[in-house]
Amino acid sequence: MKFKDYYEVLGVTRTATDDEIKVAYRKLARKYHPDVSKEPDAEDHFKEIGEAYSVLKDAEKRAAYDQVGKQAKHGQDFTPPPNWDTGFEFSGSGFDDKTAADQSEFFEALFGHHARGRQSQNMNAKGRDHHAKVMIDLSDAYHGAKRSIALQMPSHDAQGRIVMKERILDVTIPIGIHAGQHLRLSGQGAPGIGAGTAGDLYLEILFKPNALYRFEDKDIYMDIPITPWEAALGATVSVPTPSGSVELKIPAGSNAGKKLRLKGRGIPATTPGDLYVVIAISIPPADSEQAKEAYRAMAKAFDFNPRANMKGSS
Amino acid sequence: MSTTQMQMAASCIVENEVLWSITELCHATNAQTEHVIAWVYEGILTPQGDAPENWRFSGDALQRAKKALRLSRDLEINTPGVAMVLDLLDEIARLKK
């Protein structure tokens, strides 16, 4: 296990005040919040920041952490000393199941045994609904599919510790689902309490990244490279769409970035999405005398300055 | 880690097929009823129906309510702030098209 320097994670000194820690957390949280951030690995970053903050904002936990962290450095191998936490009393405030399950191994080694699930007794209630994210192929949305999905679920063992349990679900992916939508699997959430029914499981659908296609709700975007002469003179080219190959007519005078819409060729639905083919012009390399001559002939043939409308600022 | 295999019950696409009452939406998102009511009066969620007990939320409300909850909890933003962030995120999505 590696030691995590929570001060380094938040970018504050070991003597930082509570206010400095809060400001540092807020800044980083805005930068890496998965709903807002475009940074790569935002979610992992955000979890790390949240974990650091949950310790450093709490005077008890911070003092305990400082005690074990005196000599350790970030990333160093680390084992908590035996009985390291004797002499500290935790009031054990506010971990719910979800946050506890998101904590790192390091955090659990230090604070994990204080995480408790909320137990409701002597009542009947529907079990909690669970949420998970699932990656599917774009083609599953076009054709439907059956997929086995492995889900890890935190649950409590006899000592009340959080342990991961895996279960495998066979899920039918319906035709027409798209990224950002949710599948509801009735009764696959947490068991009901007392005589209550089981909760539901919600699967948020994401598409696996695809080299050819981009996704926007039901619409699909793809780039199609064409030659300068196909762009200038028009042409019919073969386009590999998710629903099969299509002969697409490129109108004469199509510039780079022009979007051609193939109506109804997006993700299937009662009103199906559209497929947008975005023109990209690819120029052949001038790697032979003949090719160079052809470019020189073009230069002579055209009185063309694409920068005619650009004015310098001076 | 223990592994259990099980056969699957039927599934449905929430966004196309589900209409929620406020109780169901709260259960699915883990949000408090007061939160959801505040979000409706702020225009973050737009259910059909005239009073909270008659509200019917479309399936899209799931994603929006989850986002609103995460923003208010993780970034400690108040309700008008959450509304503004969600509007700006929609705007960014529109501009990217």
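This is a predicted model: local features need pLDDT of at least 70, side-chain atom pairs count only at pLDDT 80 or more; totals for chains, interfaces and linings use all residues.
Reader: I've just learned that two strands pair if DSSP finds at least two bridges between them. Which residue is the bridge partner of Ile220(A) in β11(A)?

Author: That partner is Leu275(A). Strands here are DSSP runs of E with at least two residues, helices are runs of H or I with at least four, and both are numbered from the N terminus. Residues are numbered from 1 along each chain as its sequence is written, chains are lettered from A and ligands numbered from 1 in the order in which they are written, and side-chain values use heavy atoms, with hydrogens and water left out.

Reader: Thanks! In what sense do β7 and β11 of chain A pair, parallel or antiparallel?

Author: Parallel, over 7 bridges, with β7 covering residues 219–226 and β11 covering residues 275–281. Both belong to an open sheet of 4 strands in chain A, ordered β6-β7-β11-β10, with mixed pairing.

Reader: And which strands stand at the edges there?

Author: β6 (213–216) and β10 (259–262) of chain A do, and each has a single partner strand, so one side of each is left without a neighbour in the sheet. Neighbouring strands of this sheet are turned by 30° against each other on average, direction ignored. For such angles, axes are lines fitted to C-alpha atoms (for helices, over the stretch in contact), and values run from 0 to 180 degrees between N-to-C directions.

Reader: Switching topic: what joins β8(A) to β9(A)?

Author: A hairpin, through 2 residues. The two strands, β8 at 235–241 and β9 at 244–250, run antiparallel with 7 bridges between them. Val237(A), for instance, has Leu248(A) as its bridge partner.

Reader: Now the two chains. How many residues of each are in contact?

Author: 41 residues of chain A touch 36 residues of chain B, where contact means heavy atoms within 4.5 Å. About 3400 Å² is buried between them, and carbon and sulfur atoms give 50% of that. Buried area is the accessible area (1.4 Å probe) that two parts lose on being put together, summed over both.

Reader: Which residues of chain A lose the most area to chain B?

Author: Asp35(A), Asp170(A) and His182(A), which together make up 19% of what that side buries.

Reader: How many salt bridges cross over?

Author: The rule finds 3 across the interface; it asks for a side-chain nitrogen of Lys or Arg within 4 Å of a carboxyl oxygen of Asp or Glu. One of them links the side chains of Glu204(A) and Lys66(B), at 3.8 Å from N to O.

Reader: Which elements give two or more residues to chain A's side?

Author: They are α2 (18–32), α3 (42–56), β3 (162–173), β4 (182–185) and β5 (201–207) of chain A. The largest share, 9 residues, comes from β3(A).

Reader: What does β4(A) pair with in chain B?

Author: With strand β2 (residues 11–13) of chain B, antiparallel over 3 bridges. Leu185(A) stands opposite Ser11(B), and Arg184(A) stands opposite Cys12(B).

Reader: What order do the strands take in the sheet that includes β2(B)?

Author: This open sheet of 4 strands runs β1(A)-β5(A)-β4(A)-β2(B), with mixed pairing. β1 (130–136) of chain A and β2 of chain B are at the edges with a single partner strand each, so one side of each has no neighbour in the sheet. Inside it, β1(A) and β5(A) run parallel, joined by 7 bridges, whereas β4(A) and β5(A) are antiparallel over 4 bridges. Lys133(A) has Glu204(A) as its bridge partner, and Leu183(A) stands opposite Leu203(A).
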